[in-house]
Amino acid sequence: MGLLTDRVAVVTGAGRGIGRAIVERFVAEGARVVVNDLDAAPAEEARAACEAIRPGAAVTSVGSVTDAAYTDALMARAIDAFGALDVLVCNAGLTRDRVAHRMSDDEWQRVIDVNLTGTFHCVRSAAPHLRDVAKRELEERGEVSRVRKVVTFFSTAAIRGNPGQLNYAAAKMGNVGLARTLAQEWAPFRICVNAVAPGFIETRMTAEKAPGEAMGIPRALREAALDRIPFGRYGRPEDVAGVVLFLSSPLSDYVTGQELNVSGGLQIP
Ligand SMILES: NC(=O)c1ccc[n+]([C@@H]2O[C@H](COP(=O)([O-])OP(=O)(O)OC[C@H]3O[C@@H](n4cnc5c(N)ncnc54)[C@H](O)[C@@H]3O)[C@@H](O)[C@H]2O)c1
């Protein structure tokens, strides 16, 4: 028996980085997962990695969380493939860094659309399968069959404020307000909603910025970030996956509306 035996999860942005570590960890704990990503090739690689852990435990769904019709289809994929939806992890995200006075409307909007509006779309699309199912169970039997879970993502960079990330900081702190509010709306249906703030985790998003790349962090800033981490190392996707597992499992059935930093003790002034 794993911590997520019999549970079905949708994880967005699961083709790479933290999302991929989450789906692999979930499958190892008994879950069946829908691997969403914008990009088909990494989504398929993540599915294959899950397949190697437990055959038949993962399917892909390729599309953008910015598209509300698509997120309806994404949640329906969980129902079609596995018959239920118990856990929603809104992990998809991206950066388009630029100082405020030079930031374009496109850079602002893209980051808000993916990191914040994408979470809203996923939550609304998941409502019939999480909220409404739990509501019916309460009406019919007086109790829910399981405590369902939503995990959203924000960032220590957003808590602290981070020069060059006006758009990202705004979007990520928006996810905190969203999670606190949804936690209250859905508590009567025994659905836990919590938010995770990774610190500096080594992924494509935080790799050393190559010339012409839209994402990444200049070397000097990467080194400065390491100096602020008391643990003395960058985080790994698995460090975050373990915390998301806790917040998605029965171990946290009485934890809702909370934020948890996964940052090696990173000081936030
Ligand atoms: N890496 C860090 O240090 C760090 C720190 C704080 C917060 N985060 C957050 O953690 C989450 C995961 O980040 P990561 O570091 O693994 O990044 P990553 O770039 O390695 O992976 C993000 C994945 O999301 C996918 N994605 C992007 N836009 C999408 C869309 N519109 N629809 C569906 N999928 C989409 C990408 O294709 C990619 O595979 C993000 O929400 C990010 O903001 C990361």
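Figure 1. The model is predicted: local features need pLDDT of at least 70, side-chain atom pairs count only at pLDDT 80 or more, and totals for chains, interfaces and linings use all residues. Residues are numbered from 1 along each chain as its sequence is written. Strand 2 (residues 32–37) and strand 3 (residues 58–62) run parallel and are joined by five bridges. Strands pair if DSSP finds at least two bridges between them; helices (H or I, at least four residues) and strands (E, at least two) are DSSP runs numbered from the N terminus. With helix 2 (residues 40–53), strands 2 and 3 make a right-handed β-α-β unit. Right-handed means that, with the strands pointing away from the viewer, the path from the first strand over the helix to the second runs clockwise.

**Figure 2. Ile-22 in the largest nonpolar core.** This core has 67 residues, and those with the most contacts inside it are Ile-22, Val-23, Val-33, Val-35 and Leu-88. Helix 7 (residues 166–186) gives the most to this core, with seven residues. A nonpolar core is a set of buried Ala, Val, Leu, Ile, Met, Phe, Trp, Tyr and Cys residues joined through C-beta atoms within 7 Å; buried means that 20 or more other C-beta atoms lie within 10 Å of the residue's own, with C-beta atoms placed from the backbone. Leaving aside neighbours within four places in sequence, Ile-22 is in contact (C-beta atoms, placed from the backbone, within 7 Å) with Val-11, Ala-14, Val-89, Asn-91, Ala-241 and Val-244.

**Figure 3. Helix 3 (residues 68–82) and what covers it.** At 1.5 Å times one less than its number of residues, this helix of 15 residues should span 21 Å, and its end C-alpha atoms are 22 Å apart, which agrees. Its buried residues are Thr-71, Leu-74, Met-75, Ala-78 and Phe-82. Their cover includes strand 1 (8–11), strand 2, strand 3 and helix 4 (105–126). Gly-83 follows helix 3 and has a positive phi, near 85°.

**Figure 4. Strand 5 (residues 148–153), with six of its six residues buried.** Strand 5 is therefore largely enclosed by the rest of the structure. Arg-148, Val-150 and Thr-152 point one way from the strand, and Lys-149, Val-151 and Phe-153 the other way. In a regular strand the side chains alternate between the two faces of the sheet. Strand 5 pairs in the parallel sense with strand 4 (residues 87–90) over four bridges, where Val-151 is the bridge partner of Val-89. Strand 5 also pairs in the parallel sense with strand 6 (residues 191–198), over six bridges; here Arg-148 stands opposite Ile-191.

Conventions
A residue is buried if 20 or more other C-beta atoms lie within 10 Å of its own, exposed if 12 or fewer, and partly exposed in between; C-beta atoms are placed from the backbone. Two residues are in contact if their C-beta atoms, placed from the backbone, lie within 7 Å.
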